[in-house]
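Subject: Structure handover

Hello,

Here is the structure I said I would pass on. My notes on it follow below.

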Amino acid sequence: MGPPGSGKGTQVKRLSERLGVTRMSTGDLFRSHQARGTELGLVARSYMEKGEYVPDEVTIGMVMEWIDAPEQSAGFVLDGFPRTLAQAEALDKGVAEAGGIDRVIYIRVARDELIRRLTGRLVCPKCQTPYHAVSAPPTVEGECDHCGEELYQREDDRPEVLGHRLKVYERETAPVIEYYRRSANLKEIDGEGTTEEVERALNVAA
Ligand code: AP5
């Protein structure tokens with residue numbers, strides 16, 4: 001867990017590869033539905049472009065269906081879910097029989113750094129790898145290192161939407177951090193070092 005731009009997508013990819021388990025980013029899944037023009041994608045777009053959360057009744061069903069698939073039976077890492085108390089309660093209930101959640105990791109980053117990261121972020125439309133124009137540029141300008149696809153700036157990274165996303169995070173998701181702090185399996189890490197420093201801290205916490 002962590003605010004927009006804290007490095008969840010960057011780190012979850014590395015962590016799931018290290019642990020040899022599957023991963024799911026709700027944001028990436030919504031964007032892939034949008035790219036395929038599904039009904040779910042259309043619904044999600046109407047919220048995401050304004051920096052609002054997609055309603056719980058849509059999001060919870062989508063994630064729980066993914067968790068129930070046989071591919072996830074060996075364990076998995078979630079990026080961007082849960083983000084509301086209703087989502088956290090649904091997740092706890094849904095995985096209770098399988099032993100519950102092992103760990104919740106909260107990546108802490110100050111607001112100024114979040115804004116710096118998100119306003120410079122570029123993303124691959126195919127594999128969703130995030131880059132940064134200054135601190136993590138691709139090898140060839142404007143092209144994904146893995147797919148060669150042309151990188152783009154996410155609509156919700158525009159400055160006029162960004163401030164609202166941070167507000168929604170504080171209103172809806174900060175209480176979820178407190179919820180997991182009370183349930184004693186939350187680990188907090190400093191997300192302001194280099195990507196490698198954050199990865200090392202995350203590996204210790206995980
Ligand atoms: P989502 O795509 O999950 O967006 P987010 O939570 O706002 O997070 P970001 O993807 O913006 O940031 P990140 O933390 O993954 O950082 P990243 O690694 O890319 O969700 C988008 C939208 O979908 C939501 O607003 C909502 O509408 C909807 N949605 C998603 N889940 C939902 C849910 N559960 N319920 C309801 N609605 C939901 O890194 C950011 C940048 O920083 C990159 O440029 C990267 O290269 C750079 N960077 C990363 N680490 C470092 C570092 N250590 N040092 C320097 N730069 C770094």
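Tyrosine 179 and tyrosine 180 are both buried in this predicted model. The structure holds two aromatic pairs. A pair of aromatic rings is described by the distance of the centres and the angle of the planes.

Phenylalanine 76 comes out at 27% relative accessibility, so it counts as partly exposed.

The rings of tyrosine 179 and tyrosine 180 also pair: their centres are 5.0 Å apart and their planes stand at 80°, so the arrangement is edge-to-face.

Lysine 50 places its charged end over the ring of tyrosine 47, 5.9 Å from the ring centre.

Back to helix 4, which spans residues 56–67 and includes methionine 64. Methionine 64 has a relative accessible area of 14%, so it is buried. Apart from neighbours within four places in sequence, methionine 64 is in contact with Ala90, Leu91 and Gly94. Leucine 186 lies 122 residues from methionine 64 along the chain, and the C-alpha atoms of the two are separated by 21 Å.

Regards

Key. Residues numbered from 1 in each chain as written. Predicted model: local features only at pLDDT ≥ 70, side-chain atom pairs only at ≥ 80, totals over all residues. Heavy atoms only, no water. Helix = DSSP H or I, 4+ residues; strand = E, 2+ residues; numbered from the N terminus. Buried < 20%, exposed > 50% of the residue type's maximum accessible area, 1.4 Å probe, protein only. Contact = heavy atoms within 4.5 Å. Phe/Tyr/Trp six-rings, centres within 6.5 Å; stacked < 30°, edge-to-face > 60°. Lys NZ or Arg CZ within 6 Å of the ring centre and 35° of its normal.
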